[in-house]
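Here's a quick briefing to read with the structure open beside you. Take it one topic at a time and find each spot as you go.

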Amino acid sequence: MVEELAQADDAVAACVDDAAWALTEHELIAALDAAHRLEQRLAAVKLALVREVDGRGTAVAQGASSTAVWLRERLRLTVPAARRLVDLAAALDTGNPGIRQALADGHITLDQARVIADTVTTVHTSAGAQAADKAVGVLVDWAGQFDPTLLRKLSTRILDHVAPDIADAAARAALDAEAARATRDRHLTISEQTDGRLRLTGTLDVEAAALLRAAIDPLSAPAGPDDQRCAGQRRHDALADVCRLALRTGELPDHGGDPAQVVVTTSYDGLTRQLSAGVLDLGLHLTPETVRRLACDAAILPAVLNSTGQPLDLGRQRRLITGPLRRALVLRDRGCAFPGCDRPPRWCDAHHIHHWADGGPTNLNNAVLLCGHHHRHLHHNDWTVRLGDDNHPEFVPPAWLDPDQLPRRNHYHQRT
């Protein structure tokens, strides 16, 4: 086998050096189909080798705690990917040989093989070996038409085709098995990067996925005609908004004996001159602009120090717009006041029109409700906000956007 694989490697290397641009359209498509089929056939060979390595105990003999861990080091895979490889190799070895043969023939992909193997295992448990054999044939045929996601959806009703007399009961069993797999595979990894940012990766089970979508989908829509964020940036900001709302409720469990909160430390003199950076309690640094914006938010506990580093103010509650004052603000603005935004009050921060660090008072005439996106927008752009003659907020665009700088208002929240 080693010699044959070496020959295949040489053949692939020769293909890599060939110029795809010289192919006709018919040849190009034929070559793509052939490469894809060869990839699946090689996957079948790889799975057979993984199964043999696992069966022999090679990984443990070489000092690894499991075959999956050994594969992670040997093939530079993630542990979840390596574990899925080991599990599928075992399933194809001990289960219906038709799945392995379909993969070896290039008729199905590796992901489709996972779906079929999971489904056939459930069918075998529910309806026996004969129904499982029929299921393989049906699913392989379907795999020629449907991608793995659609194939998995269709597979939930496979017994309607191979064992209709027990289909309803088995469908429930299949859903239970799928739920068990989702519970087993759920995870969330938070990786800290060197600059203080976090990378999120993971797989959510069905319930958690539904909760996340229900929470962030309404917040991921563009926040108005001025919103230039891409979809990924909007989802990022929506997740941050959900976290702000959770902190604002005050119902999260204590952390180390203190309420869940973000603590920002800065110097008072530097903050008032808009020159001072801030430091989170995690040791990460923030720009002066970010510190001034966060200082508007009641979910943030500012720790202001004097020039010698002594605490001057650890979260003066009278400076924060909370309680009756926030309720009055909600009654007036009814949501984000920025023109074109439809965000409701619960997603909004209370922004000081004349910043508190510059001597601005904490009262209704110096406050405006802004969603997270437009709060950042106002702090980092040339828009200004003021109260009109009727004591309702109006926003003056920068001259580059509107040379006349005509004030604009939000009309989404007006009383009808």
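What follows covers a pair of helices, the cysteines and one aspartate. Keep in mind that this is a predicted model.

**Two helices that meet**
- Packed helix pairs get described by two things: the angle between their axes and the distance between those axes.
- Helix 8 (residues 129-143) and helix 9 (residues 148-155) have axes that come within 10 Å and cross at roughly 145 degrees.
- That crossing of helix 8 and helix 9 is right-handed.
- On the helix 8 side, L139, W142 and A143 do the touching, and they meet L151, L154 and S155 in helix 9.
- Sorted by class, this contact has five nonpolar residues, one polar and no charged ones.

**Cysteines**
- A disulfide is a covalent bond joining the sulfur atoms of two cysteines.
- How many disulfides does the structure hold?
- Take C348, which is in no disulfide: its nearest cysteine sulfur belongs to C336 and sits 5.1 Å away.
- C348 counts as buried because its relative accessibility is 0%.
- C243 has 44% relative accessibility, so it counts as partly exposed.

**A look at D227**
- You'll find D227 in the loop between helix 12 (206-216) and helix 13 (231-249).
- Is D227 buried or exposed? D227 is buried, because its relative accessible area is 11%, under the 20% cut-off.
- Leaving out residues up to four places away in sequence, D227 touches A221, P222, R234 and H373.
- D227 and H374 are 147 residues apart along the chain, yet 9.0 Å separates their C-alpha atoms.

Key:
Residues numbered from 1 in each chain as written. Predicted model: local features only at pLDDT ≥ 70, side-chain atom pairs only at ≥ 80, totals over all residues. Heavy atoms only, no water. Axes fitted to C-alpha atoms, helices over the stretch in contact; angles between N-to-C directions. Helix = DSSP H or I, 4+ residues; strand = E, 2+ residues; numbered from the N terminus. Left-handed = near helix turned anticlockwise from the far one by under 90°. Contact = heavy atoms within 4.5 Å. Nonpolar A, V, L, I, M, F, W, Y, C, P; charged D, E, K, R; others polar. Buried < 20%, exposed > 50% of the residue type's maximum accessible area, 1.4 Å probe, protein only. Disulfide = S-S within 2.5 Å.
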